There are 2 protein chains.
Amino acid sequence: MRSDVAPGDVRAQLPAQPPEEPEPLSAVLSDLDRVIVPGLTQWQHPGFFGYFPAGTSGPSALAELATAGLGGQGMLWSTSPAATELETHVLDWLAELLGLPARFRGRGVIQDTASSATLCALLAARERAAAGGRELTVMASSEAHSALDKAVAVAGLEREAIVRVPVDARQRLDPAALADLLAAQDGPVFLVATAGTTSTGAFDPLDAIAAAVADRDVWLHVDGAWAGTAAVCPELRWVGEGLGAADSYVTNPHKWLLTAIDCSALWVADPTWLERALTVTPEYLRNAASDSGAVIDYRDWQIGLGRRFRALKLWFVLRLIGAEGLRAHVRRHVALAQRLAARVDDHPRLHLAAPAELALVCVTHAEGDAATQRLLEAINADPQLLVTHTRVDGRLVLRVAIGGARTTERHVDHLWQVLARAA
Amino acid sequence: MRSDVAPGDVRAQLPAQPPEEPEPLSAVLSDLDRVIVPGLTQWQHPGFFGYFPAGTSGPSALAELATAGLGGQGMLWSTSPAATELETHVLDWLAELLGLPARFRGRGVIQDTASSATLCALLAARERAAAGGRELTVMASSEAHSALDKAVAVAGLEREAIVRVPVDARQRLDPAALADLLAAQDGPVFLVATAGTTSTGAFDPLDAIAAAVADRDVWLHVDGAWAGTAAVCPELRWVGEGLGAADSYVTNPHKWLLTAIDCSALWVADPTWLERALTVTPEYLRNAASDSGAVIDYRDWQIGLGRRFRALKLWFVLRLIGAEGLRAHVRRHVALAQRLAARVDDHPRLHLAAPAELALVCVTHAEGDAATQRLLEAINADPQLLVTHTRVDGRLVLRVAIGGARTTERHVDHLWQVLARAA
């Protein structure tokens with residue numbers, strides 16, 4: 001499913017000039033099938049185990065059709081009241097399904113990506129710090145998503161100034177080390193904790209972190225971009241334990257919850273600072289509803305001004321698939337991953353590079369990086385499989401992220417056969 | 001077409017809890033019609049003359065369905081080669097249709113909104129300034145879009161520090177005043193010029209601005225968000241005259257070019273600075289194609305990491321509507337607006353608050369703000385009409401932005417009748 005095109009291959013098949021006259025739909029669909037699709041990596045292929053999954057589904061696609069057809073723009077409540085209210089509402093539904101703390105109710109917003117969500121949280125924290133006349137210090141473990149580094153750069157802070165909190169042997173932020181760093185810290189802090197790191201799926205200990213930040217001037221942002229939606233299953237509610245102390249929380253329905261990108265859910269406990277950081281009101285955007293203070297204008301909760309009606313797809317997904325359907329989806333992947341992890345663990349020449357959390361399995365070869373590299377190449381040489389890699393404590397690690405809507409036991413078994421043979 | 005819901009009305013009709021079991025599609029579609037659509041302002045209504053148009057079309061909607069169905073993610077070339085290459089290609093097509101300078105070829109990227117595009121340009125300019133060890137000064141007229149103020153705030157610069165270049169009586173940036181400001185300025189400058197301001201459609205004189213910035217350390221960003229796509233018509237190519245000196249340029253197919261939001265086209269003459277400002281590469285995103293330097297990784301040209309396959313809809317629109325179809329679309333609106341403007345100009349109690357540029361008509365009542373406010377209220381009391389307002393030199397102004405796909409002479413005539421009667 002990995003496209004084998006070389007750079008430039010796709011463009012070489014496209015006419016240099018745009019058409020003057022309309023072309024028939026059949027010509028466009030034919031080119032879509034002939035030129036575009038073969039040039040795409042097939043994220044929906046059941047043997048796609050790379051990165052994290054990019055969820056989509058019939059309900060999500062249908063809603064995108066409706067969103068484009070309605071053609072509205074929800075920058076202000078007044079420019080599309082139902083778009084704003086549905087967004088607040090479905091994020092309350094999602095908060096309910098995930099068991100999020102009450103402080104997040106009515107305070108959710110859909111961002112395009114978790115990167116933007118983290119940037120918004122950082123800007124809100126900076127605004128709060130600035131209101132007190134203080135500079136903000138950013139803290140996170142080395143395992144926090146690179147979106148933090150990017151957000152820091154965008155915000156004009158020094159990337160190098162991020163204070164890196166040490167991690168334990170399982171790549172989890174060390175709360176004792178955090179407490180020491182905070183004790184030595186005078187001013188306000190923006191702290192990112194991760195519930196399910198991208199590299200290995202590690203969970204920073206949120207309860208202990210909450211204890212460490214108590215009574216301190218810390219904006220705690222929790223990044224559960226991938227893992228957070230697993231909490232739709234009551235038995236996996238632990239992924240969000242400790243969120244009661246979080247000032248903001250992000251998780252992406254567009255990863256593991258069958259909703260097409262872009263749908264990243266951000267909640268903020270107190271939107272005041274977000275709004276102060278992001279509100280700019282020229283005359284042509286003034287209106288009675290905004291002036292009344294009785295509505296949310298989501299343009300003030302995001303980087304851009306214009307906005308798509310993204311809540312519609314989450315609403316379609318939640319209603320047409322239902323909570324039980326979403327739980328079954330997540331449980332199936334967790335079971336497949338745990339079965340694969342057990343096989344890896346039993347194999348004499350394969351190791352789990354990290355505990356297999358949820359549906360992410362990290363594998364190394366006992367003989368080291370060169371052998372692991374060969375595993376990686378053997379798997380990716382199979383046109384039915386795709387995995388990616390990372391490094392853990394300097395060692396090369398093969399990542400198997402399970403989460404495709406059509407991924408079944410058969411596909412994971414095939415991966416295992418290729419892996420075991422290559423090992 | 002303006003929804004008459006009060007704050008909370010839509011939410012009150014939605015169940016407090018998400019469903020456990022899947023619901024039938026008919027129930028969701030029924031609620032869409034019954035609860036959601038009546039709560040939306042109908043941007044596609046032919047009598048919608050508010051803000052700027054939010055383009056959409058059958059081809060655009062169909063492509064969104066395909067994008068959601070394909071379910072890919074184009075953060076890197078390697079994760080969806082055809083998505084990246086089609087994006088570069090259709091932006092070259094669009095550059096060709098708009099007659100953009102050769103320096104922008106192969107250097108386009110789709111952003112969600114012009115706000116993000118302007119932020120990216122600002123960050124690139126700051127990176128270039130920082131490479132020379134200098135602080136960046138931001139300059140623009142008071143008529144530049146508020147997205148600049150927001151970008152400046154996001155980037156951590158002082159909003160109040162924007163140097164405002166005076167405008168002439170027609171709200172156009174004064175190039176002589178700019179030259180004076182630049183002469184008094186020692187360090188690097190990020191200058192925003194606008195081709196078609198949001199408030200009144202004023203065009204900053206790009207040729208004269210180009211002359212003023214020549215040989216100076218200025219990053220010239222041109223914002224043609226609304227008006228820029230009008231250059232698909234050869235006789236309207238003047239909207240982009242002087243772009244040869246621009247370092248970056250943004251125009252939104254999702255406004256006046258029948259492509260659903262989000263599709264904002266940004267070109268940068270030298271992507272080096274953009275990439276330096278926005279590239280952060282953790283191990284799990286490394287890949288051979290990126291390392292080769294032979295491909296564009298669009299995650300390095302935008303704020304977020306993940307990205308939707310938005311080029312598909314622009315491709316569908318350009319092919320299924322064709323350049324001639326797009327030209328007819330723009331010409332029709334310009335003709336309707338110029339006809340309306342002539343009637344306003346002839347009316348004894350109505351004035352044009354600014355020259356009617358392209359398809360934007362700005363109207364005041366001769367008797368002042370209170371009378372203009374009554375005009376505004378009379379028009380918006382009609383369920384078939386929606387207009388917005390602005391202020392020009394302190395005076396209240398009624399804005400009529402024409403651009404709906406279904407807007408015809410009949411709808412503009414109806415607006416005129418209501419306006420003339422109220423006047």
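The structure is a predicted model, in which local features need pLDDT of at least 70 and side-chain atom pairs count only at pLDDT 80 or more, whereas totals for chains, interfaces and linings use all residues. Residues are numbered from 1 along each chain as its sequence is written, and chains are lettered from A and ligands numbered from 1 in the order in which they are written.

Chain A contains 14 helices and 11 strands, taken as DSSP runs of H or I with at least four residues and of E with at least two, numbered from the N terminus. Its C-alpha trace spans about 65 × 65 × 45 Å along the principal axes. Of the 423 residues in chain A, 61% are buried, meaning that 20 or more other C-beta atoms, placed from the backbone, lie within 10 Å of the residue's own.

Contacts, defined by C-beta atoms placed from the backbone that lie within 7 Å, join 95 residues of chain A to 95 residues of chain B. Helix H4 (residues 81-98) of chain A gives the most to this side of chain A, with 10 residues.

The largest nonpolar core has 314 residues, and those with the most contacts inside it are A:Leu191, A:Ala337, B:Leu191 and B:Ala337; such a core is a set of buried Ala, Val, Leu, Ile, Met, Phe, Trp, Tyr and Cys residues joined through C-beta atoms within 7 Å. Because domain 1 (61-317) and domain 2 (322-422) of chain B both give residues to this core, it lies between them, the domain bounds coming from an automatic or database domain assignment.

Key: A residue is buried if 20 or more other C-beta atoms lie within 10 Å of its own, exposed if 12 or fewer, and partly exposed in between; C-beta atoms are placed from the backbone. Two residues are in contact if their C-beta atoms, placed from the backbone, lie within 7 Å.
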